[in-house]
Amino acid sequence: MMNISKVVKNFPTKYKIGFTEIEIKDLLEELNVNEKKFNKAMGTNTVMVIDGKTIYYHTDIIAALNTVLNNKSQHPLAWD
């Protein structure tokens, strides 16, 4: 079984704090995850803006991937 947390935390990103949108797309492609399902699971999250780029936190990406890959509903307390 894949350790999603480890995969996300070890994925190369420009910013240590999280992922840019392009990096998320690259991650989803590598994991063969449906982008539409992932985006639905991501919902609305707290983000950071660095150099004009939206940065998504690792924890939110891990929660969304767990939801999609395990066909689960996202519990509201899993976010922020």
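**View 1. Strands β1 and β3 pair in the antiparallel sense.** Two bridges join β1 to β3, which spans residues 53-57; strands here are DSSP E runs of at least two residues, numbered from the N terminus, and two strands pair if DSSP finds at least two bridges between them. Gly 18 sits opposite Tyr 57 of β3. The model is predicted, so local features need pLDDT of at least 70 and side-chain atom pairs count only at pLDDT 80 or more, while totals for chains, interfaces and linings use all residues. Residues are numbered from 1 along each chain as its sequence is written, and side-chain values use heavy atoms, leaving out hydrogens and water.

**View 2. Three strands form an open sheet in the order β1-β3-β2.** The pairing is antiparallel. At the edges lie β1 (18-19) and β2, each pairing on one side only.

**View 3. Asn 45 lies in the loop between α3 (35-42) and β2 (47-50).** Helices are DSSP H or I runs of at least four residues. Asn 45 counts as buried because its relative accessibility is 15%, and buried means under 20% relative accessible area with a 1.4 Å probe, protein chains only. Its side chain reaches the backbone oxygen of Met 42 at 2.6 Å.

Definitions and conventions
Buried < 20%, exposed > 50% of the residue type's maximum accessible area, 1.4 Å probe, protein only. Polar contact = N/O pair within 3.5 Å; in protein donor to acceptor, adjacent residues only side chain to side chain.
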